[in-house]
Amino acid sequence: MKTTVTTSVGGKQITIETGRLAKQADGSVLVSCGNNMVLVTAVSSKKASELDFFPLTVEYIEKFYATGKIPGGYFKREAKPTNDAVLTARLIDRPIRPSFPEGYRYETQIVGTVLSADGSFPLEILASLGASAALHVSDIPFNGPTCAIQVGRVDGQFIANPTPQQMEKSDMDLIVAGTRNGLLMVEGETKFISEADVLAALKFGHQSMMPLLNAQDELREKTGSTAKRAFTPPAIDADFKTAAENFLRPKIAEALSIRIKQDRYAAANEAAAQAEKALLSTVTDKDLLKQRKKELSAIVDDLKYQEARSMILDRAVRIDGRDVKTVRPIANEVGLLPRAHGSGLFTRGETQVLGTVTLGTGDDEQMIDALTGLQKRKFMLHYNFPPYSVGEVGRMGGTGRREIGHGNLAERALKSVLPDFEKFPYTIRIVSEVLESNGSSSMGTVCAGTTALLDAGVPLKANVAGIAMGLIKEGNRVAVLSDILGDEDALGDMDFKVAGTSQGITALQMDIKIDSVSFEVMETALAQAKEGRAHILNEMEKVIKTPRGQISEFAPRIETIKIKPDKIREVIGSGGKVIRGITEATGVKIEIEDDGTIHVASADPEATKKAIAMINDIIAEAEVGKVYKGKIVKIAEFGAFVEILPGTQGLLHISEISNERVRAVTDVLKEGEVIDVKVLEVDRSGRVKLSRKALLSQ
C-alpha cells in the first residue's frame, strides 16, 4: 500500500513515498522535491557472509532520461558511473555505515536511481535521505534514521539546500549528515572561512535536519514497520577468549610501543602466530580450527584497539610516542622532475606524496557529459594510491572509489587559491603519487600540490596546507589527536581532515564512527587543527613560499589579446581556413572566445609573436592619413582596387593616381603591382578612399 509523508526544509517541500515502486526490495522509497525524484532501495542478505567486515555497497545511478537527454558516446547508454556519481555514492555510504549494529556481517546493498532531475535541487540530499528512509521502513537492523543537508551562505545568511543560483553567490558548500544526537559526516569547501563560522554552519545544518528525521519516523509509523530482523552479534567462546587475551595482551602492548609502522605490524603478527601455536595446536577438528583462527584474529584486533586507546587516554602517549598535539617531522623538496612543469615532494612521518603539475591549453580541458549538460573543467587533481605505498602487493587497475574521494577532497582544498583564468589562462592538472602512507595521504596531497604549483610558477592567491585530526572517546574521557596515523584512524572514533590557508579554511571532511560527537569536541578539533595547519604551512614555506618567477621552459606560453567580436569571423576564415593557416605556419595553438579574447599558446616565444602579428594584420583597420604598401588586386575604368591590409581593400580613384591627367588606369598601373598609397577617408560603411597622388606631391 502506498504511504506518503511530506515535510519542508529551507522553504522547499520534500516528499517520501513507499509501497508503490520496487516492492520486492527489503525497503524502497521514492524521494522527490519538485521535478527531482530519486528511487532508493535497500536489500540485505538473510545469510551471514564469511567476511570479517561489513559488506555494504552503495550504488548511485544517473539516468539520462531523467533530464530528457540521450547519453553521448557510441553505445548511447549509461556506462560506468561518473566521478560525481561515485562521490555521491560515498556521501550516501558514510553516514549510514556506522549506523548498523556492531558485528553485522550480512551483505547489504543500497541502490539510488535518479528518475527525474531539473537541476534545481541537490540530488545527493534526496539520495541520502532515501537510503536512510529505505532502511528505516525495512526490517534490516539499522540504528537510524540519518539524513544530510547542504549548507550554503549568502550575504551572511545560512541557507539549507540552496539552489544553483544561490550557490553561485555562496562562500561555502557543505554537506552535513547526522542523527538527532549529532553529526556523522561533513564534506565540503569554503572560501577562507574562519573556524567559528564553520562551526556555526555545522550547527545550522544539524538543526535543519530535524524535519527530515521526523518525516522518516512518521513514514515508518504509518507503514506499521516496527519489528527489525533478529540479529545477534557472533560470540567468542568465553574460555578461549580469556586464554587468548591473557596470552596476547602483554605481547600486543609491547608491539604497540614500536614506533616504526612495519616493525610494529611484524611484532603484532608474530604475537598472533605464537598465540595460534600455543592455543590451537591441539585442535584437530577442521571446522573448529577454522572458527578459532577467525576468533583469534578478532581478539588481536580488539586488543590493539583497547591498548592503543588506553595508551592515549591513560598516559597521553600515542603509538609513535607523540603527545596529542605534536605533528610528525616534515620534509619538503621541489623541482625533482626535470620535464614536469612543477613538482613537490612532501614527507610527514611515514606518509610521503609526490605532487606534479602540468600546464595545458583549452584543448586539455576535461569534457564531462553530465545530467545537467556538458561541463568543462580547467582544473583537475588525480590521486593515486599504489599498494606498495603501504608495503603490500595488490592489483593495479582502474581508479577506485577511495582514490576518487581523496582526490576530490584535495582538489576542493586547492581550487579556491588558483588564479583567475583571465590572469592565468591555463588548464592545470595535478597528479598526486602516494609513495608511502601512514595516515592522511589526502592532506599530504594538498601540501605536495601546493609546493608543486609554486614550483610551476602558478601565482596562487595563498598557500594551502592540510591536517587530519582524530578522536578517542570513552565515556567522558576525550582526547583530540593532531596528525593521526593510519592505525589511529582505524582504532579511533573520528577522522576529521581540515585544509586551509593562514586566512581560513578551504576544505574539510569528517567521518564519525560512533553515534555522534558534541559540538564542543568539534570546536576543540577545529582550533587544534588550525595550530597544526599553521605549523605545517610554516615548514612548507621554509622551502618555497612564493611562485617561481616564470613557468617551465617545457610549458606552453600563453599570450592573450583582445579583438572586436565582429572581427572573429575574419580571423577564423571560411571553413577555418585562415586560423588553420596561422597554426600551420607557426605551430601555435589558438583559442578564440565569443567575446573576442584570443589565447595563443606555444613553447616557442618567437612563434607566439609571429602568430599574434599575423592576427593583428588580419584585424587591422585602415587609419586616415596613414601610408600603406598595397597590392593592386583589380583594375577598373574609374580606378584600381588596392589591398592595403589582409581582407581590406580601398579604391584608388583614377584622379588620385598621378599629378598629371591619366587617360587609362592601365597606362600607369597593372594588376599585382605593389604601390604606396595614403588613406584619405574611411566612410561610415567602411569604404576606404586612397591616394597615390598625395604621396607624389610630397
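**Close-up views of a predicted model**

**View 1. Contact between helices α2 and α4.** In α2, L129, S132, A133, H136 and V137 meet L212, Q216, D217, L219, R220 and T223 of α4 (contact: heavy atoms within 4.5 Å; helices: DSSP runs of H or I, at least four residues, numbered from the N terminus). These contact residues comprise 5 nonpolar, 4 polar and 2 charged (nonpolar: Ala, Val, Leu, Ile, Met, Phe, Trp, Tyr, Cys and Pro; charged: Asp, Glu, Lys and Arg; polar: the others, Gly among them). The model is predicted, with pLDDT of at least 70 required for local features and 80 or more for side-chain atom pairs, while totals for chains, interfaces and linings use all residues. Residues are numbered from 1 along each chain as its sequence is written, and side-chain values use heavy atoms, without hydrogens and water.

**View 2. Crossing of α2 and α4.** The axes of α2 (residues 123-137) and α4 (residues 195-223) come within 9 Å and cross at roughly 30° (axes: lines fitted to C-alpha atoms, for helices over the stretch in contact; angles: 0 to 180 degrees between N-to-C directions). The two helices, α2 and α4, are therefore roughly parallel (angles under 35 degrees).

**View 3. Open sheet β22-β24-β23.** The 3 strands pair in the antiparallel sense in this order (strands: DSSP runs of E, at least two residues; pairing: at least two DSSP bridges). β22 (557-562) and β23 (589-592) are at the edges with a single partner strand each, so one side of each lacks a neighbour in the sheet. Neighbouring strands are turned by 20° against each other on average, direction ignored.

Notes:
Angles under 35 degrees count as roughly parallel, over 145 as roughly antiparallel, 65 to 115 as roughly perpendicular and the rest as oblique.
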